[in-house]
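Open the model in your viewer and keep the selection panel at hand. The stops below go through helix packing and one metal site.

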Amino acid sequence: MQLTIEQVRKVAQLARLEFTEEQLESFSAQLASIISFVEQLKDVDTEGVEVLSHPHALQDALREDEVQEGLSRQAALANAPAHDGECFLVPPVLG
Amino acid sequence: MTLDACQLVVGLEVHVQLRTQTKLFCGCPTIFGAPANTQVCPVCLGLPGALPVLNRRAVELAVQTGLALNCAIPARTKWDRKNYFYPDLPKGYQISQFDLPICGPGWLEFPDPDAPEHTLRVRLVRAHLEEDAGKSMHDEKSGRGDSRIDLNRAGTPLLEIVTEPDLRSPQAAKAFLTELRLLLTYLDVSDCNMQEGSLRVDANVNLHIDTPSGKVATPIVEVKNLNSFRAVERALAYEQQRQWQQWQRDGKQLGEVPKQTRGWDENQAVTVPQREKEESSDYRYFPDPDLVPIAIDAELIERCRACLGERPLELRLRLQQEYGLTAYDADVIVAQGRALVEYFEMVVAKGASAKRASSWLQQDVLRTLNEQNLTIEQFPIDADKLGELIAAVEKGELENSRARDVFQYYLGHPQAGLEQARAALGIVQVDDRELTELCQKLLDEHPQIVAQAKAGDLKGLGALIGAAKRRNPNVDPRKVRSICQHLIEQQG
Ligand SMILES: [Zn+2]
């Protein structure tokens, strides 16, 4: 499995990670080897096996539509890097 | 080549907020307009370690809606993460459904705006459940020019309904949305309030153009910020013109340029390009490990089907077939909601003819509801009383304009019955002898009208009817007319 620097740059961008050119290069090699490792699963014959969407056999973990107490606003905002007592504050979001 | 050679092609994505007490994955309430960040908890704030638990009611409402939209309901549905970064999305992903949506393909039929007795059918690709994001507000007041984030809405259950590109005109798109909203209102699965954001619409639009070398499609544009059905209609009409001109300028076809997002500017009445969220199409969906799949069994489906009731389309047909209403009248009544249809049926059950009941409802009742800003449930005249009143007109016991007086009296005296109203308004039946005397007197007073009538000009009779009503408001104008004619004929 080969990964181009551009592919790694794109994945990093999607994850909002900033890498230097050297990092990009070394991560390309590391990511490629991880993917190759996982790719071994391709060797398993899955003919006729149903797709598994969750490892638990459990289904239907549901709750009733009843209001439960949440957090006070003060508690909700407590760990925010910035707030005005009502809202979380973030750098300007435009459009 | 002219605009005639181009066909508008539209598909819609409609987000509907489901009417639950609590959010999709936590027990926070979903009341609109609460003070910012007072309906939040570790789950909807996306705090580490918090785990979502699915709201049973949201599943039921989604299945119910899907059934009403003729959707296939798969036996199994699951949850996926849609990954993107935005300040109003605290987890960095939205819990949504990717490959196994709760509702599969379906369709919705609605009255054709060009021919109300016909219907159009739009196929639905799917409908899936997902959680809403929070609200970001850009507020200069906060000083540093920061944006403020309110997460009350984060986690609210939405059903996203996606249509095939089956709509062919702005009017058809509006008619589809009108029917969808009416259906959802009948089902009572959503309040569909666009101002409060419980119904949101995006449109995918392009043109299919006949050219000498065959049909070509223009690039698809997604139009957002459609805050009313009228905005949808106007924005689509605008895009039709704009894309046609664009195509004439650059000849660009579908696939030659990336999909564009434009926003509708209501004040300028134009669509404007929107800044794309970077790489926004790459959401890297994957199954959410925090949530197990849901099995939708036959029992749940049957329970939801039992809640559907008659849908607007079925009701319109029944009102036409059972009561002989025109398609137009049936539509006006059905469009007012299930409660008004029930009111209509009770009025008819009391002895009113369907035609007269429908006209009283459309004129007197609906006008009063509008003027006084009431719902039919709050209307002071109950269906039995109105039915009885119209039945009295039907039987000739009460003249139509006097019945309107009774109607007005009822509005001011909700407890009054017909006898009390008659007494209070001085309504007594005028017997035929009394009426004949009155007519004779009027004829004697107006010899030139009699002369005209003898010469075949009956226009003057209207004035006699008016005069008769002024002397005795209880007279039946039709009777006055026929008696006067009869008396004139007798004079020879
Ligand atoms: Zn919550």
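A crossing of two helices is called right-handed if the near helix is turned clockwise from the far one by less than a right angle, and left-handed if it is turned anticlockwise. Keep in mind during the tour that the model is predicted.

**Stop 1: H7 and H9 of chain B**

Select residues 338-349 of chain B, which form helix H7(B), and then residues 383-394, which form H9(B). Look along the line from one helix to the other: H7(B) passes H9(B) in a right-handed crossing. Their axes are 7 Å apart, and the packing angle is about 45°.

Now show side chains. On H7(B), pick B:Tyr343, B:Met346 and B:Val347; they meet B:Ala383, B:Leu386, B:Gly387 and B:Ile390 of H9(B). Coloured by class, this contact has six nonpolar residues, one polar and no charged.

**Stop 2: H8 against H9**

From H8(B), display B:Arg356, B:Ala357, B:Trp360, B:Leu361 and B:Val365; their partners in H9(B) are B:Leu386, B:Leu389, B:Ile390, B:Val393 and B:Glu394. The contact divides into eight nonpolar, no polar and two charged residues. B:Leu386 and B:Ile390 take part in the contact with H8(B) and also in the contact with H7(B).

**Stop 3: H1 and H4**

Next select residues 56-68 and 298-306 of chain B, helices H1 and H4. How far apart are their axes, and at what angle do the helices pack? The distance is 9 Å and the angle about 70°, so H1(B) and H4(B) are roughly perpendicular. H1(B) passes H4(B) in a right-handed crossing.

B:Val59, B:Glu60, B:Val63, B:Gln64 and B:Leu67 supply the H1(B) side of the contact, and B:Leu300, B:Ile301, B:Arg303, B:Cys304 and B:Arg305 the H4(B) side. By class, there are six nonpolar, one polar and three charged residues here.

**Stop 4: the zinc ion**

Finally, centre on the zinc ion and show the SG atoms of B:Cys26, B:Cys28, B:Cys41 and B:Cys44, its protein donors at 2.3 to 2.4 Å. The angles between the four donor atoms run from 99 to 116°, which makes the arrangement tetrahedral. For reference, the ideal angle for four tetrahedral donors is 109.5 degrees.

Along the sequence, the donor residues follow the spacing C-x1-C-x12-C-x2-C. B:Cys28 and B:Cys41, 13 residues apart, both sit in the loop between strands E1 (6-17) and E2 (54-55) of chain B.

Technical notes. Residues numbered from 1 in each chain as written. Chains lettered and ligands numbered in written order. Predicted model: local features only at pLDDT ≥ 70, side-chain atom pairs only at ≥ 80, totals over all residues. Heavy atoms only, no water. Axes fitted to C-alpha atoms, helices over the stretch in contact; angles between N-to-C directions. Helix = DSSP H or I, 4+ residues; strand = E, 2+ residues; numbered from the N terminus. Parallel < 35°, antiparallel > 145°, perpendicular 65-115°, else oblique. Contact = heavy atoms within 4.5 Å. Nonpolar A, V, L, I, M, F, W, Y, C, P; charged D, E, K, R; others polar. Donors = N, O, S within 2.8 Å, 3.2 Å for Na, K, Ca; no water. Tetrahedral: all angles 85-135°; square planar, octahedral: opposite > 155°, others 65-115°.
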